[in-house]
Amino acid sequence: MEKFHLLRSTAVPLPIENIDTDQIIPARFLKATSREGFGQNLFRDWRYDAQGNPRPDFVLNNPRYSGKILVAGKNFGCGSSREHAAWAIHDAGFKVVISSYFADIFRGNALNNGLLPLQVSDELLERLLQQLHQAPETELLVDLAVQELQVPAWGETIQFAIDGYKKECLLKGYDDIDFLVNQKEAIEAYEKNRVWAY
């Protein structure tokens, strides 16, 4: 995976609550097993009409908004446990999703695929969505090492929580297998000094 340290970016607001994984990537697009190509169908049924034409009222089709951060409503990633939802968001160019609540399975899938689910309070989420609506050029700064979300336009810094193991994996660009491989010396030393019971 790509290492994640510091991200400064504008953001895309999606003020809809309870966005489930079927809305993120509809089931009819789940036939592929590689991670590439899912981004083009991210939010497919909201983004395009039945003829495949972009819906001008959907935020991803609005040229005012761009960036590598998606700011979404509460309870993001609920529904089925499909990992493809995280694949689609990441493949579309997003590195961070900000919400006030994430479904547990989606959170795990996101972290396993280099996508940071950054949880904030309901109040802060509402302020961010309003800020982005009024000023799409607003930049956010995500510093994973110190677990801070900075909003320079407000002069504010917000701490966020993340599992320590997953934080290390993101910082180093490791998936679970990479992490184990990089513990080879420690594992071998443990096995060498282990007292075996027969």
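Which residues form a nonpolar patch on the surface? Ile177, Leu180, Val181 and Ile187 do, with about 390 Å² of accessible area together. Patch members have over 30% relative accessible area and no salt bridge, and nonpolar side chains (Val, Leu, Ile, Met, Phe, Trp, Tyr) are joined within 5 Å. A salt bridge is a side-chain nitrogen of Lys or Arg within 4 Å of a carboxyl oxygen of Asp or Glu. Areas come from the Shrake-Rupley method with a 1.4 Å probe.

This is a predicted model: local features need pLDDT of at least 70, side-chain atom pairs count only at pLDDT 80 or more, and totals for chains, interfaces and linings use all residues. Residues are numbered from 1 along each chain, and side-chain values use heavy atoms, without hydrogens or water.

Helix α7 (residues 176–181) gives the largest share of the patch, three residues. Helices are DSSP runs (H or I, at least four residues), as are strands (E, at least two). Ile177 lies in α7 and is exposed, at 58% relative accessible area. Exposed means over 50%, buried under 20%.

Now the interior. A nonpolar core joins buried Ala, Val, Leu, Ile, Met, Phe, Trp, Tyr and Cys residues through side-chain atoms within 4.5 Å.

| Core | Size | Residues include |
|---|---|---|
| Largest core | 27 residues | Ile24, Phe43, Leu70, Phe76, Ile89, Phe106 |
| Another core | 26 residues | Ile98, Leu116, Leu140, Phe160 |

In the largest core, β1 (6–14), β2 (69–72), α3 (84–91) and α4 (104–112) each supply at least two residues. The largest share, five residues, comes from α3.

Conventions:
Patch = residues over 30% accessible without salt bridge, like charges linked within 9 Å, V, L, I, M, F, W, Y side chains within 5 Å. Buried < 20%, exposed > 50% of the residue type's maximum accessible area, 1.4 Å probe, protein only.
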